[in-house]
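Reader: Hello! Could you walk me through this protein, one question at a time?

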Amino acid sequence: MRTGIFVGSFDPFTIGHDSIVRRALTLFDKIVIGIGANSPKKHMFSAEERLASIQGIYADEPKVSVKMFDDLTVSFAKREQADFIIKGIRSVKDFEYEREQADFNRKLTGIETVLLFSEPQLASVSSSMVRELILFGVDVSEFIPKKPEF
């Protein structure tokens, strides 16, 4: 069974993140979405709010679980018995940063990183842009995944 972890602050979780998860589901038997709870970033939404929101999005997907972690990504990956770290890439800037992280993660644990490029129409969608729109009272529903309705 191949397990991948997809980690980030997800403040908030966007349609770009959802696209990466849905595409990664074709590659992995299990995906654990890890919410970094001890990030130095100032968050708009609490870790608990982010956890509940993402769990709601994947409530009908048994291959996806969502957990918080407050240590290194590689430590979280080991605890989850992950075979791979999944990362989304929107630009060359993202690529350079993620390549460096992947090199360190592989050196520390041997865990490989799988890079998935964003869909072109989602390349400009970022959590920071969505947060800014929220601060100015703009409707961001087109940038946030829809929760399944029961």
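Reader: How many aromatic pairs does the count come to?

Author: Happy to start there. This is a predicted model, where local features need pLDDT of at least 70, side-chain atom pairs count only at pLDDT 80 or more, and totals for chains, interfaces and linings use all residues. Residues are numbered from 1 along each chain as its sequence is written, and side-chain values use heavy atoms, with hydrogens and water left out. Rings of Phe, Tyr and Trp (its six-membered ring) pair if their centres lie within 6.5 Å, and planes under 30 degrees apart count as stacked, over 60 as edge-to-face and the rest as tilted; by this rule the count is five.

Reader: What kind of pair do the rings of Phe13 and Tyr58 make?

Author: A pair of aromatic rings is described by the distance of the centres and the angle of the planes. For Phe13 and Tyr58, the centres are 6.0 Å apart and the planes stand at 90°, so the pair is edge-to-face.

Reader: How many residues apart in sequence are the parts that this pair ties together?

Author: Helices (H or I, at least four residues) and strands (E, at least two) are DSSP runs, numbered from the N terminus. Phe13 lies in the loop between β1 (3–8) and α1, while Tyr58 lies in the loop between α2 and β3. The pair therefore ties together parts whose separation in sequence is 45 residues.

Reader: Are Phe13 and Tyr58 buried or exposed?

Author: Buried means under 20% relative accessible area, exposed over 50%, and partly exposed in between (1.4 Å probe, protein chains only). Phe13 has 3% relative accessibility, and Tyr58 has 3%. So Phe13 counts as buried, and Tyr58 also counts as buried.

Reader: How many residues does the largest nonpolar core have?

Author: A nonpolar core is a set of buried Ala, Val, Leu, Ile, Met, Phe, Trp, Tyr and Cys residues joined through side-chain atoms within 4.5 Å. Among the residues with the most contacts inside the largest one are Phe13, Ile54 and Tyr58. At least two residues of this core come from each of α1 (15–24), β2 (30–36), α2 (47–57), β3 (64–69) and β4.

Reader: Which residues is Ile54 in contact with, leaving aside its neighbours within four places in sequence?

Author: Contact means heavy atoms within 4.5 Å. With those neighbours left aside, the contacts of Ile54 are Phe10, Phe13, Ile33, Ile35 and Val66.

Reader: How far apart are the end C-alpha atoms of helix α4?

Author: The expected span of a helix is 1.5 Å times one less than its number of residues. Helix α4 (residues 92–109) has 18 residues, so it should span 26 Å. The model agrees with this, as the end C-alpha atoms of α4 are separated by 25 Å.

Reader: Which residues of α4 are buried?

Author: They pack against α3 (73–79), β4 (84–89) and β5 (112–117). One of them, Glu98, has a relative accessible area of 10%. The buried residues of α4 are Asp94, Glu98, Ala102 and Asn105.

Reader: Why do they line one face of the helix?

Author: Look down the axis of α4 and take the arc of the directions from the helix axis to the C-beta atoms. The buried residues of α4 line one face because they fall within an arc of 70°.
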